[in-house]
Amino acid sequence: MSAAQLQDSPAWQRLQQLRADWGKTSIAELFAASPERGTRMVAEGCGIYLDYSKNWLREDTLAALLALAQERGLEARRAAMFAGEHINGTEDRAVLHVALRAPASAQIHDQGSNVVPEVQAVLDRMAAFCEQVHQGDWLGATSQRLRQIVNIGIGGSYLGPEMAYQALRRQRLPGIREYFVANVDGAALEAVLAELDPAQTLFIIASKTFTTLETMTNAHAARRWLVAALGEAAVERHFVAVSTNHEAVAAFGMNPEHSFGFWDWVGGRYSMDSAIGLATMLAIGPEAFREMLRGFHAMDEHFLHTPLAQNLPVLLGMIAIWYNNFWGAQSQAILPYAHDLARFPAYLQQLQMESNGKRVDLHGTTLTVDSGPIIWGEPGTDGQHSFYQLLHQGTRLVPSDFIGFVQPLSDFGAQHDLLMANLFAQSEALAFGRSAEELRALGVAETQIPHRVSPGNRPSNLLLVDALTPFSLGALVALYEHSVFTQGVIWGIDSFDQWGVELGKVLAQRVETDLQGKTKNTHDRSTQNLIERYRSQRS
Ligand code: F6P
């Protein structure tokens with residue numbers, strides 16, 4: 001079905017009608033009419049409990065959203081992804097991140113060949129390498145243990161490993177510290193190197209293509225730093241690579257045996273459970289890494305087999321469609337009430353915005369509806385003292401996902417009730433607000449009332465998980481991966497390419513040689529002026 005046909009589909013039209021008929025029905029009214037929606041509009045799977053009752057949803061809305069998913073062929077598309085069909089059309093690639101976490105006995109094919117044994121072989125090599133590093137069998141050039149691990153990579157070769165390193169802080173093995181360098185700004189590398197002893201440092205150069213300018217620039221600078229301290233021969237012991245580009249890895253001077261591969265059917269933003277997770281495995285050990293993969297896989301199975309009405313990724317994805325396409329929501333907030341998930345919103349930003357920030361459908365036809373929303377967020381309670389003012393009283397619609405955990409893992413567990421009280425209270429306050437009458441009853445002066453009213457009726461989902469563990473992290477990431485997939489299917493776009501990032505890369509290369517005075521390319525007057533000003537002021 002093309003982009004043009006989307007708005008003609010019966011379910012889309014039904015949803016438009018439901019939207020038009022919605023009037024001013026508030027979440028409070030929905031609860032007053034049917035209080036049990038608070039226990040009915042829930043779904044559960046893989047240890048994740050989703051309460052979606054505080055949304056602008058009734059049963060008829062949900063039924064129409066699920067009908068839309070069916071009309072758009074979600075189930076067939078999902079089957080095609082798991083079957084290894086080349087659903088990434090513009091790059092003619094399969095999309096098989098689900099194979100990265102499939103059990104060894106599974107059979108998942110790309111072009112007729114089962115990819116699972118290769119995946120397992122790489123995982124085994126990664127595990128063997130990690131054991132060597134942990135047990136001191138893999139030493140640096142001066143025979144010291146490698147305890148400082150630096151992941152040099154950007155985008156999907158950075159955000160997942162960094163997010164997981166923080167999220168799984170409790171599972172980290174003693175004696176290992178990790179650092180992440182992504183930005184091409186030399187300050188990023190400088191800040192990290194300042195903390196390191198070359199003799200104890202292991203660099204992981206993580207790049208699917210091994211051509212990304214930021215990563216290769218930082219990798220070469222790190223190499224020079226190491227060689228200056230320990231000599232050329234040390235490179236072999238102190239650098240390993242994660243890439244699909246084996247020739248480029250060899251050209252860098254690394255032993256191909258110290259390179260961990262993956263495949264073109266793994267998108268960068270879907271790769272934290274591939275060899276790109278080497279930093280994660282070094283931090284938490286192979287067994288905990290495999291436990292994370294089991295969490296991913298459990299959610300894959302849930303997505304594949306659970307009826308749509310109870311299917312967590314489908315529910316999250318279709319609720320997002322409802323706000324995005326029928327209420328004009330421009331953004332979605334991700335609000336984890338877990339300090340260790342601080343980088344989760346940034347991780348989801350790439351996952352959603354690089355996947356679904358598209359303007360044409362699979363056939364190249366321009367979309368006539370909005371595609372992926374802007375994703376942003378911060379952990380609670382920090383966000384409460386920053387941007388929640390806008391969520392409670394601002395003029396914009398920002399559907400939010402709250403994420404919380406039942407079990408405290410910190411040594412200050414007594415504070416956990418306070419954290420969770422904030423989480424539940426925020427979703428309650430957003431949904432139900434506080435009226436002028438309530439304020440009057442509290443004796444608030446009449447002039448203050450307009451300023452103090454919280455209108456409520458602001459929709460949110462709440463995800464409640466038992467504890468932040470490798471398993472639950474894997475399940476949570478896979479939940480959002482499949483939600484992003486679901487939304488992409490509705491819009492009929494290619495969620496697995498990223499052509500939009502290319503132009504900036506090409507222009508940056510032209511501008512760089514202009515800045516260095518090697519070329520004099522033609523630019524618009526503004527850019528030209530900026531280049532000249534920079535050149536004249538640069539000392
Ligand atoms: O520029 C975008 C991008 O291609 C992302 O999709 C990817 O995650 C990132 O760059 C890094 O790419 P690579 O792993 O090839 O260095």
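Two residues are in contact when heavy atoms of each lie within 4.5 Å. In this predicted model, residues 24 or more positions apart account for 74% of the protein chain's contacts with a separation of 6 or more. The chain holds 24 helices and 13 strands. Its radius of gyration is 25 Å, close to the 24 Å from the globule rule for 539 residues, so the chain is as compact as a globular protein of that length.

**Dimensions and surface**
- The C-alpha trace spans about 75 × 60 × 55 Å along its principal axes.
- Of the 539 residues in the protein chain, 54% are buried.

**Charge**
- The chain carries 57 negative side chains and 42 positive ones.
- The centres of these two sets lie 6 Å apart.

**Largest nonpolar core**
- This core contains 130 residues.
- The members that touch the most others are W265, L278, W322, L341, F344 and L473.
- Helix α22, residues 470–491, gives the core its largest share, with twelve residues.
- Beyond residues up to four places away in sequence, F344 touches M163, I334, I403, L476, V477 and Y480.

**Another core**

Methods: Residues numbered from 1 in each chain as written. Predicted model: local features only at pLDDT ≥ 70, side-chain atom pairs only at ≥ 80, totals over all residues. Heavy atoms only, no water. Helix = DSSP H or I, 4+ residues; strand = E, 2+ residues; numbered from the N terminus. Rg over C-alpha atoms; globule rule 2.2 N^0.38 Å. Buried < 20%, exposed > 50% of the residue type's maximum accessible area, 1.4 Å probe, protein only. Lys, Arg positive; Asp, Glu negative; His and termini not counted. Charge placed at Lys NZ, Arg CZ, Asp CG, Glu CD. Core = buried A, V, L, I, M, F, W, Y, C linked by side-chain atoms within 4.5 Å.
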